Structures are given as C-alpha cells and as structure tokens.
Amino acid sequence: MKTVRFIYFLAFFSYIKGQTLQRSLLDAAMQHSNSQNYLEENLRDIISIMVAQFLQKSTYEEVQTIVEELLDFAEKCKSLKLHESPLECSYQLMTTFLEHVCNNQGMADKHVLSDCCNVNNTARHKCFLLNKKDDANYREILQIPDLEQICEVNKGNQVLVKKRYIYETSRKHPFLYGPTILTMSACYETAVQSCCQEENKIECLQIKLQPIRKYIREISLRHHHLCEIGTKFNHKVAKAVELVLLTKKQPKANFSEIAKLAADIKNLHQTCCEGNAVACVFGRSQLMNYTCSKQALLSSKITPCCALPVPFRGECIINSENDNKTHLSSLPLSRFTEDRFVCKQFTDKQDDFLQEFLYEYSRRHPELAVPVILRVDSVYQKLLEKCCKLENPLECYGHGKEMFQRVVHESHEHVKNHCDLREKLGDSNFHNRLLVHYTKKAPQLSAQELVMFTENMAAATTKCCPLSDEQQQFVCMEDAAKLILGALCRRHETQPINAGVGHCCDDSYAFRKLCFDDLHIDGTYISPLLSCDQIISLKEDLCKAQEEEIQIEKQKLLSNLVKQRPYATEMQFKPIIVDFTQLVKMCCQAEKRETCFQEEESKLIEKCQSLLGG
C-alpha cells in the first residue's frame, strides 16, 4: 500500500516546482493511515486552530488553556457519532468559545473585542471575524523554535513541535482553512523528524521547510480572497467562481454534477470563512468523500488523490491538474445565441440558464482565466436583458459570439500592453511607472503602502510576462491581479480610500481588474502641503541599508512628490530621483559622510522646491 501511495503522490502539488515539497508531502502521507475517526482524533488541534485564528495576540500557553476549557464541552462532540450531528455540535462549540472570551473582560480587552461582546451571537460572531488581521506582525512573541533549536526541542517533545507549528501558522494566517493547516503541520512534522536525523540538519531543514512556507503564503491569500468574494458579493458570484473552476478542472463531468459540487463548495467556503474550524474540517472531509465516490464521472486526475488518507486527500484534489479536454461539439454553445427559445428559457429559469451557459463556455475555454470567463458571462446576461425586451430578440442576441470574442480580446490587450511596457522600460522603471499611476489613482494610501502594492503588481508582471505561451501569460496575470487587487479592496473595506477605488472594488468582481486599469487620477484629493525638507531625508543610516531598502526610500520619495504635484509628468520627477540615488552613493563613499549628506541634501531640497513651486 505504501508503494502505491508513493507512486500516486508524485502527482500531488505538481504545479509547485521542486521535489522537496512533493517529497515532504509524500513522506507525511505515507506515515498516516486512513482513519474513520479523524475529526475526533484531531479535535484538540482543530480547536487550537480556531482559538489561535481569533485570538492572534495570545501566547501558545494561553491558547492551550482555552482549548483545555473548550474540550470539556467538545467531549460531547466526541461522544456523538460523526453521522449524527457533528455540525450542530461545532456551532454550539463556536458559541461557547465566543461566550468564554466575552466572560473574561481582560481577554476581551487584550484582543480589542469588548465592543463585539456587547451585541448578540450572530452580530458578535461577525464582529470577531472583522477583527482578524492577516497582515499583523506578531514576531515579538514568535514561538516556533529557530532552525538551530528545532531538533533539540523535537528530541525532547515531538508532539510539542507540531502543536507550536499549528499555533504559529494559525495566528499568522487567520483565514487559512483548518484542513490545510492540519495537512501542512503533518508535512512540517515529517520534515523535522527526517532532517533531525541528518548530519547537516540546518541545510536539510532550509530545503524542506522553504516550499512548505511558500505554499502556505500562497494558499492563505487564495483562501482570504475566496472569503472576500463570499462576503462582498452575492452568493451567485461565489457559486459562479466555483462552477468555472470545477468545469475547467473536470470538463467531462455533466452539468448537474458540476452545479451540485459548486453549490456544496460555496457553502463549505462560507463555513471555513466563518472561522468554524471543526465544521470546516468535517465539511471538507465529507465533500472529498463524495468527490471520490464520483471520480469516474468527474475526473481521471483525482484517482491518485482518492487513495490518500485524510487530510492529504483534500489538498491533493484541490491542487490536481485539469482533466484532459474532450472533443466538444459547438452545438450546445450555439444554442445560447442561435436558438429562438433563448428568451423563454432566460425568463423562466434565469439562474439555471445562465449557470448552464457558464458551464458550457468554461469547458470549451479552459485556457481562459476565471475573471475573463465571468466577464463573458456578465456580458451575455446584460445582452439578454436588453434583447429579450425587443420585438426580434434573436437578431439582437445572435451577435453574442462576436461580443464574447471582443471581451476576451480586450482582456488580453490589457495584459499585453502591461507586458509590452515592462519590456520597454525594464523592471525598475516599470515599477516606478506603476507607482506614479497608482499614486494618482489612490493618493490617500501612504507612500509605503503604494510602494508595496505596486511592487506586488510589478513582481506579477515579471513572473508572468516572460512565459512562452501567450495564453499562460494572460491566465497568470489575471490570477495574480485578482489576489493583489483583492488585498487592496480589503484595505479599502477597513479604511476607505476614495470613491473610485470603492467603485472598482464593489461594482463587479468580473470587471474589477479592468476597472482599476482604467481608473483615472483622483481629482478630489487635496494633499497635505509638505515642504521638500519633509519629503527628502538623506541620512548616514542609508549607507548601512541594503540596496532594496534604498530602492524603497527612493520610491517613497517619488510617491510623495506625485502626491504634491499629481499633474506633473514622470519626466519632471526623474531628475530628483536620479540625484537622490547619486547622492547616496557619493556621500557613502565620502570621508565625512555626515557633512556630505547635510550639504547635498540642501541642494536637492532646492531642486525639489523649484519643482513644487515653493
């Protein structure tokens, strides 16, 4: 059986390059057997995930104390058979946890949850969720041992190493789904145990743990993004996203199976996003069991995954490759634009009809990114809403195919223009161009935020544009943009930026990227007047800084200049940025650095003042 699992697991996470993670996952899966009582056996760890994700400032010991108290109630869950009422019990457990926090005034105050405790259960739960921070820095109480200490701790207590890893991962990634944390903690545990037997322990740990960390960062962003879709947009959008993803992955499956799975996955996402780790783990297990029972109808690619034990089965299925695209007739798609009964079907059962269109279009275009397919779907819906009011609707919606092609072409042109501009300017200048554009679009963001946001956009372009396949370029860019813009929109949700950003975030998920691409300067913004000596700071500390830190300071200067003169051209700012770079280099090589910085800073401030007109 272990040999079979070894062969099957080679497909697991094939999209992540590098054999080290595959090997780590493989080793971990081989050491776990299928268990009918997985939820019961791992209940303590699952509750730890829930507590640490809500109470991110708690120490490991504080979390374990709360878990112990909750386990008294959770014993009722363990005494129930899984087929009876585990979900009901998990919701009672969540209520008990929230009450526990609110009954402890010191704990509620520490985590800034006192206001949440003043409202009823449903509102209280939502309030707790809003207090989760996925960008918080909790290094001051970091409790995962460093690489040098891991093996010493592991020697004394192997269980403790895994439990601390679960704790740290949960509080740093409060929207990461519980089943994923359990899977990766098993991989972490296996990697530590393996490396601690090696002669060069540190090098082994660096190699094996790095891809695990990378995967967690990436999948955590995706989980948070899915949560945002579920809360910001209606359930139809969330289901449509799942339907497209499933159809691309399983193009041979029939519509009824895909529609049922899409609805089930959408509901599971909602459960996981609510922070109910027990219900999330149980729900995914049930969903994956159902998926594996239907694997012959769904996809040949998930067969290796279904041979794996819980929790590896779920992570494997989610990351499995798309099934091979079968030869599909054009007839089922043409009936949406050529059939004279389209309007009757659209009027009678609009949701079902549009879902079926989305299914048929997605399985014929697996090469397109999800947002692009959703744009086509949105255009089709608006087309029918207009045409079905006319005397001859067929003549109107008969142009649908051309409209779909136009949507795809326009989406691709946006990406192509980005890639062409990057190739023309080079990575550094392209980042500066993005920084100037987005400072004008969202000047309310701090210079630091703008630099970080545009750095992510530039990094995505650097990653995606060199891909040899043009279609891969487009999918890569659309996929990256939806996550980066999703993070920006969550920032807007927390602290509103401006009306333009709000419109792009809230109006249409499908067209969000194109909306931001076309967003103009915020003419309503009035920048706080800053003098050049407030914007420019040349200090000797820059000589100790890394090249990346100097680049950030330079770009923050550029962003602040743009805020002061949003209608100035990029070329007008360039001399100051170039001088800043040269002065840092010159003064850091000077014998009297401090004197050099003082003298040269005053000259640069004069040049800045002439630009700003001050």
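This is a predicted model: local features need pLDDT of at least 70, side-chain atom pairs count only at pLDDT 80 or more; totals for chains, interfaces and linings use all residues.
**Exercise 1. Describe the disulfides Cys 532–Cys 608 and Cys 543–Cys 588.**

*Solution.* 
- Step 1. Start with the count. The distance rule gives 17 disulfides.
- Step 2. Take Cys 532 and Cys 608. Their sulfur atoms are 2.0 Å apart. The torsion about their S-S bond is about -80°, so this disulfide is left-handed. The pair links distant parts of the chain: Cys 532 sits in helix α30 (residues 532–535) and Cys 608 in helix α33 (residues 593–612), 76 residues apart. Both Cys 532 and Cys 608 are buried.
- Step 3. Take Cys 543 and Cys 588. Their sulfur atoms are 2.0 Å apart. With -95° about the S-S bond, this link is left-handed. Cys 543 is in the loop between α30 and α31 (547–564), Cys 588 in helix α32 (residues 570–589), and 45 residues separate them.
- Step 4. Compare the accessibility classes. Cys 543 is partly exposed at 21%, whereas Cys 588 is buried at 18%.

**Exercise 2. What lines the second largest pocket, and what lines the largest cavity?**

*Solution.* 
- Step 1. On a 1 Å grid over the protein atoms alone, a cavity is a set of points where a 1.4 Å probe fits but cannot get out; a pocket is an open set with protein on both sides within 12 Å along at least five of seven lines; lining residues have an atom within 4 Å of a point. Grid points are joined across faces, edges and corners, and a volume is the space filled by probe spheres set on the points.
- Step 2. Take the pocket. Its volume is about 660 Å³. The lining of this second largest pocket has 22 residues, with Asn 234, Lys 236, Val 237, Asp 377 and Gln 381 nearest the centre. Two or more residues come from each of α13 (235–249), α21 (350–364) and α22 (370–387).
- Step 3. Sort the pocket lining by class. It holds 9 nonpolar, 7 polar and 6 charged residues. Ala, Val, Leu, Ile, Met, Phe, Trp, Tyr, Cys and Pro count as nonpolar, Asp, Glu, Lys and Arg as charged, and the others, Gly among them, as polar.
- Step 4. Turn to the cavities. There are 7 of 30 Å³ or more. The largest cavity holds about 100 Å³ of space. Its lining residues include Tyr 38, Leu 182, Met 288 and Arg 313.
- Step 5. Assign the cavity lining to elements. α11 (178–195), α15 (277–293) and α18 (312–318) each supply at least two residues. α15 gives the most, with 5 residues. By class, the largest cavity's lining has 7 nonpolar, 3 polar and 2 charged residues.

**Exercise 3. How are the rings of Phe 357 and Tyr 380 arranged?**

*Solution.* 
- Step 1. Set the cut-offs. Rings of Phe, Tyr and Trp (its six-membered ring) pair if their centres lie within 6.5 Å; planes under 30 degrees apart count as stacked, over 60 as edge-to-face and the rest as tilted. The whole structure has 16 aromatic pairs.
- Step 2. Apply them. The ring centres of Phe 357 and Tyr 380 are 4.2 Å apart and the planes are at 25°, so the pair is stacked.
- Step 3. Locate the pair. Phe 357 is in helix α21 and Tyr 380 in helix α22, 23 residues apart. Phe 357 and Tyr 380 are both buried.
- Step 4. Ring pairs link Phe 336, Phe 353, Phe 357, Tyr 361, Tyr 380 and Phe 404 into a cluster.

Key. Residues are numbered from 1 along each chain as its sequence is written. Side-chain values use heavy atoms; hydrogens and water are left out. Helices (H or I, at least four residues) and strands (E, at least two) are DSSP runs, numbered from the N terminus. A disulfide is a pair of cysteine sulfur atoms within 2.5 Å. Buried means under 20% relative accessible area, exposed over 50%, partly exposed in between (1.4 Å probe, protein chains only).
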